[in-house]
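Me: Please take a close look at a single part of this protein and describe how that part is built into its surroundings.

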Amino acid sequence: MALTAAAVLVALIVTLGGANRERDLALARQRHSYDVMILARTLAGTIARSEASLGRYVISGDKQLGQLYYDEWTLAGGQIDRLDHITHDNSDQGPAIRQLRAAYEARGRELSTTALSTTYGKNSLAYARFYQTRKAASLIQINHLLDTVIARERALLDERAQVAAGSVAASSRIAGVLAVFGILLVLGAIVLGWVSLRATNERALAQADAEAAGERAQELSRAVTEATAELRAQEAKLRQAQKMDAVGQLTGGIAHDFNNMLAVVLGGLELARRSTTLAATRRHIDNATEGANRAAALTRRLLAFSREESLKPEPIAAFALIAAMSDLLDRTLGDGITLVTRDGADGWRVRADRVQLENVVLNLAVNARDAVNGRGTITIATDAVTLGAEAVGRCAAGDYVTVAVADDGCGMTPEVAERVFEPFFTTKEAGRGTGLGLSQIFAFVKAHGGEIGIDTAPGRGTTVTLYLPRDVAAVESPAAEPVADAVAADDADGHDILVVEDDPRVLTATVGALEELGHRTVPCPDPLDAPDLLARHPQVSLVVSDVLMPRQTGPEMVAGLLPRFPHVAVLFVTGFAGEANAAEFGDHAVLRKPFTLAALDRAVADTMRRRPPPPAQIAAE
């Protein structure tokens, strides 16, 4: 009995040892399968975060978001390598992992193209490509392959669990048979061990499932929170952009009507001043004229805000423009600012719209004033430089006129300086800035083929330098042809002018101004009547026309007149930049409302000097 009991005990120990080894092996294989499934889910989350970062980068252009997208995508590649390594024991997973790697590489090429478009400033193309990549086959294939890997691993896990359960059951049966031949104590110990083994196994399985489910829930919760915050931020930016666009359109319309009224006011004041000799009356007229001119300057700045394109680019001497703005700058910057100007441009010119360039200089000066808290020194300097290719940013090689605005204020940290040209980014407190000023300046410089540089450091002040290409055509253009004697003779006697204007008050003021200058006028309140009036008045040599009119625009009217009356000169008068672009004006002169008698006289004289010869002269030749 003792020998039998010892043999049973030895056999029982061996059997339990084998069962324990099978259990440990089964648990290890289960943990391995869970690791594979968790890694696959983690890989899906990493790819989702990388694409979300790319989406934010496409919208905002923030280079940090672009770097975050790159880091997350690289991390996803490492996770694929890890997934390939830990599934080497399952030959069924090999083809799926290889297909997953190929889909990952294809997806990476698609997203890299979108990222590069954003990096080079092609935002519209980047938006379109990012929208297309959301429905790309590579993304669908990646998700499908990850689901396949998880499904195969889950099937392998079920198979291994069945094998482990079978092994435990076999060991349990053997232990039961041996227990029949053992003593009751040994039998009780075997039963207790078997129950403990089952409980431990079930507890381990339940704990592994709970941990995996908890990690997935936390990951999904974080992703939803981040996506919600990002959507709210982008929604706020979109609302701000729509608000600014609506304000710009409203401003342009109001400024257009205001220019028409100012044209009537300034014209009437000038005519009144010419017709009176009383000193007191002239003084009151001069005060009213100064107020109207200030209103006109304000209107020009409103139009510059609402404008989308340059109205009429022209050669401009940068320092002369700054000198002409001295009064405006002094009034805007205040008495606490010492304004210093320096000219080193050596007469070089740039080609730009004068109002837009004035607005750029004024914006930079106002930013400098805010940097010194309204008390300090601001220096505006022009210079002439010759740069090599990409010497500053991405500039091309050639001659450049620089406009530098420097202050002795607090300066900026590198992190702030890197973001100053981003739309809606501002360091000013709420209510003092929209974050659009420097971004508009950046767009202006880029549209003219130039570059912009910023030199700043905390406590050292800030210098913003605009590099604008030199206008070589202004230097190389031939001297103006001498004015013909016939034109000079016509100027002495005045001209017959057709005035086309739909606003009766502006029409009356313009006709009065031209007659005061010694010209003969034919008023035309409707552009559709212009052809008949020209036919009835063949002596008319100049058409002065408004641009924006209800039934027909000025450029449209002129396009229909010139084939029938090619000898007639054209002068456009406009108070709004948005009604036509420079291509529609062609080579015709443009006079902006409101205008003075002197400006009107110069515009008429310049237009008549460029007028084609009349039909009689053509016949004589």
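**Strand 7 and its neighbours**

Reply: Strand 6 (residues 451-456) pairs with strand 7 in the antiparallel sense, over six bridges. Across that pairing, Glu-451 stands opposite Tyr-467 of strand 7. The two strands form a hairpin with five residues between them, and Gly-459 in the turn has a positive phi of about 80°.

This is a predicted model. The protein averages a pLDDT of 79, and 82% of the residues score at least 70.

Strand 7 also pairs with strand 5 (residues 398-407): eight bridges join them, and they run antiparallel. Here Ala-406 has Thr-463 of strand 7 as its bridge partner. Six of the eight residues of strand 7 (residues 462-469) are buried, so this strand is largely enclosed by the rest of the structure.

Leaving aside residues up to four places away in sequence, Gly-461 touches Asp-407, Asp-408, Gly-409, Cys-410, Gly-411, Asp-455 and Thr-456. Of these contacts, Cys-410 is 51 residues from Gly-461 along the chain, yet their C-alpha atoms are separated by 5.4 Å.

Two stretches call for caution. Residues 430-435 have a pLDDT under 50 throughout, and the model gives them 10 contacts beyond four places in sequence. Residues 476-490 also have a pLDDT below 50, with six contacts beyond near neighbours in sequence. Where pLDDT is low, the predicted coordinates should not be read in detail.

Notes
Residues numbered from 1 in each chain as written. Predicted model: local features only at pLDDT ≥ 70, side-chain atom pairs only at ≥ 80, totals over all residues. Heavy atoms only, no water. pLDDT = per-residue confidence, 0-100. Contact = heavy atoms within 4.5 Å. Buried < 20%, exposed > 50% of the residue type's maximum accessible area, 1.4 Å probe, protein only. Helix = DSSP H or I, 4+ residues; strand = E, 2+ residues; numbered from the N terminus. Pairing = 2+ DSSP bridges.
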